[in-house]
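Trainee: I would like to go through this structure with you and ask what stands behind each term. Shall we start once it is on the screen?

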Amino acid sequence: MMNAEQKRAWLGVVTGIACVVGYVALIPFLGPMAATGAFGLYGINGIAPLIGRKEHADERDRSIARQATLGGAMASYMAFIFGCMGTWFVAFAWHGQEQVSVHLVATITFVGGIVFYSVRSVVVLVLYGRHVGADNA
Amino acid sequence: MPEITNCIRRLRFDHDEMTQESLAVRVGVTRQTIIALEAGKYTPSLALAFRIARAFNKRVEDVFHYDVPIKE
């Protein structure tokens, strides 16, 4: 039986996969830029707090949530920094450009958010399935 | 292998076959946490360890065991 945190995590994983599938499916019809609209599906995660809001969370649930949030934040930060700096590397070193599209800023920020919620969801599901130590012991 | 082992399952049966749900309610956690504890998949906080021990009228060291030797 899944608890509320696991259900929210599955919602994050499923919507994340739906976004990527939708994006890839729309590219042939709309092109790579317009197809990014498929990532709007990730907004479905906005209903996540409504799942099991009356359910009691104990210290193990809170510990897993904390560790998953930390993992998501670390991955998101890495994705954001690599995205920002990698853009300059690709533009300057490979294409010899001195400017990049302003759309990249929004895209990289958005990808950072997607990475946060996706990694957090995966970490939640992994931690519920393995040994976890209380971090407030 | 977990460093801290416990005998919660045996103590439950020694206390009139107390159910996991009953123990969970008494110590204020979910049944899933009791299952994880008994399976050695979760190491409880010190406060929870005390609450579990008190639920059985035992000392913490009677319920939880730390067998790793201290390095000299």
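Mentor: Helices (H or I, at least four residues) and strands (E, at least two) are DSSP runs, numbered from the N terminus. With that in hand, chain B reads β-α-α-α-β-α-α-β along the sequence, which comes to five helices and three strands. This is a predicted model, where local features need pLDDT of at least 70, side-chain atom pairs count only at pLDDT 80 or more, and totals for chains, interfaces and linings use all residues. Residues are numbered from 1 along each chain as its sequence is written, while chains are lettered from A and ligands numbered from 1 in the order in which they are written.

Trainee: Why is Cys19(A) called buried?

Mentor: A residue is buried if 20 or more other C-beta atoms, placed from the backbone, lie within 10 Å of its own, exposed if 12 or fewer, and partly exposed in between. Cys19(A) has 20 other C-beta atoms within 10 Å, so it is buried. Cys19(A) lies in helix α1 (residues 4–34) of chain A.

Trainee: Which residues does Cys19(A) touch, leaving out those up to four places away in sequence?

Mentor: Contact needs C-beta atoms, placed from the backbone, within 7 Å. On that basis Cys19(A) touches Ala38(A), Phe39(A), Leu41(A) and Tyr42(A).

Trainee: What makes α2(A) and α3(A) roughly antiparallel?

Mentor: Axes are lines fitted to C-alpha atoms, for helices over the stretch in contact, and angles run from 0 to 180 degrees between N-to-C directions. Helix α2 (residues 59–94) and helix α3 (residues 103–128) of chain A have axes that come within 7 Å and cross at roughly 150°. Angles under 35 degrees count as roughly parallel, over 145 as roughly antiparallel, 65 to 115 as roughly perpendicular and the rest as oblique. Therefore α2(A) is roughly antiparallel to α3(A).

Trainee: Which residues touch the most other members of the largest nonpolar core?

Mentor: Such a core is a set of buried Ala, Val, Leu, Ile, Met, Phe, Trp, Tyr and Cys residues joined through C-beta atoms within 7 Å. Among its 16 residues, Val27(B) and Ile52(B) touch the most other members. The largest share, five residues, comes from α4(B).

How values were computed. Two residues are in contact if their C-beta atoms, placed from the backbone, lie within 7 Å.
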